[in-house]
Amino acid sequence: MIGNTRHRSAGAPQSGVRSAPAHGHPLSPPIAAPSILSADFSRLADALAIVDPARDWVHCDVMDNRFVPNLTFGPLIVAGVRKLTRAFLDVHLMIDEPLRIVPEFRTAGADQITVHLEACADVAGTLAAVRASGARVGLAIKPGTPLPAAERHLADLDLLLVMTVEPGFGGQAFMADMLDKVRAAAAWRSPHRARYLIQVDGGIAPDTAREARAAGAEVFVAGHSVYRQPDPVKALEGLRRAIG
């Protein structure tokens, strides 16, 4: 639905968000972020066509077979995705020491780059490199990582990704105990004047998305529950309804 009223104009900061990019991508929650990892890559253009650039993000899961036990794709595919959609490209780097490759993903078209706290020897330096590239800055934490481990970085983020499965594979069951971490992340923002959006990734479908939304989540990554369904268009519409 182009022209959606949730599509926030630049220069109008709201709780949990930084200023919008000049191209007007949606930054006001709730936001659905279909993950192309679950899409049919032989029909990638069709998969991307279901995403509404005025409402949704496209989530790109990059895995290196080192930090996580899977290997997906790199900047070349992100660049191809960039050519096929006007939507906000949300690139999630599940790779060891992402500092060395941040500029390549930004050049490929990433609007936001999320790195893992657990994967960076120099977390602050890596986040600064993402910011210097011109991309929005995200930090992800695995299920076993407590929120306090990331606290020194939270005020500098545009996005905090709370993993609701162990990173590495799609189609895993949602870890409901991660909702306490979502609640804590939401409660931390106001007293510290932080402005990050809270994203959840893993096992997200309409039912779990509603639970996560009630806990304070704002961006919802969904792979199998969108692209592995008989009708991905209807599946994405159902996710949007579930998150409001």
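**Entry 1: Asn65**

I started in the loop between β2 and α2 (75-84), where Asn65 lies. The model is predicted, so I treat each angle here as a computed value. Phi of Asn65 is near 60°, a positive value in a residue other than glycine. I then asked how accessible Asn65 is. Asn65 counts as partly exposed because its relative accessibility is 49%, and the cut-off for exposed is over 50%.

**Entry 2: Glu97**

I looked up another positive phi. Glu97, which is not a glycine either, has phi near 45°. I found Glu97 in the loop between β3 (88-94) and α3 (102-108). Its relative accessible area is 33%, so Glu97 is partly exposed.

**Entry 3: the proline pair**

Next I checked the peptide bond from Pro29 to Pro30. This bond is cis, with omega near 5°. I placed Pro30 in the segment before β1 (31-34).

**Entry 4: helix α2**

I went on to α2. Which residues of α2 are buried? I noted Pro75, Val78 and Val81. They cover an arc of only 115° around the axis, so they sit on the same side of α2. I then turned the helix over. The face away from the buried side carries Leu76 and Lys83, both exposed. What do the buried residues of α2 pack against? I listed α1 (44-49), β2, β3 and α3.

**Entry 5: the largest pocket**

I looked for empty space. Rolling a probe the size of a water molecule over the atoms shows where such space is left. The largest pocket came out at a volume of about 270 Å³. Its lining has 25 residues, and the closest to its centre are Gly170, Gly171, Asp201, Gly202 and Gly203. Which elements supply at least two residues each to the lining? My list includes β2 (57-63), β8 (219-222) and α8 (224-227). I also sorted the lining by residue type. There are eleven nonpolar, eleven polar and three charged residues.

**Entry 6: confidence**

I finished with pLDDT. The chain has a mean pLDDT of 91, and 90% of its residues reach 70 or more. Where does pLDDT stay under 50? I marked residues 1-22. For this stretch the model has 49 contacts beyond four places in sequence. Where pLDDT is low, the predicted coordinates should not be read in detail.

Definitions and conventions. Residues numbered from 1 in each chain as written. Predicted model: local features only at pLDDT ≥ 70, side-chain atom pairs only at ≥ 80, totals over all residues. Heavy atoms only, no water. 1 Å grid on protein atoms, 1.4 Å probe; cavity = no way out; pocket = protein on both sides within 12 Å on 5 of 7 lines; lining within 4 Å. Points joined across faces, edges and corners; volume = space filled by probe spheres on them. Helix = DSSP H or I, 4+ residues; strand = E, 2+ residues; numbered from the N terminus. Nonpolar A, V, L, I, M, F, W, Y, C, P; charged D, E, K, R; others polar. Buried < 20%, exposed > 50% of the residue type's maximum accessible area, 1.4 Å probe, protein only. pLDDT = per-residue confidence, 0-100. Contact = heavy atoms within 4.5 Å. Arc of directions from axis to C-beta.
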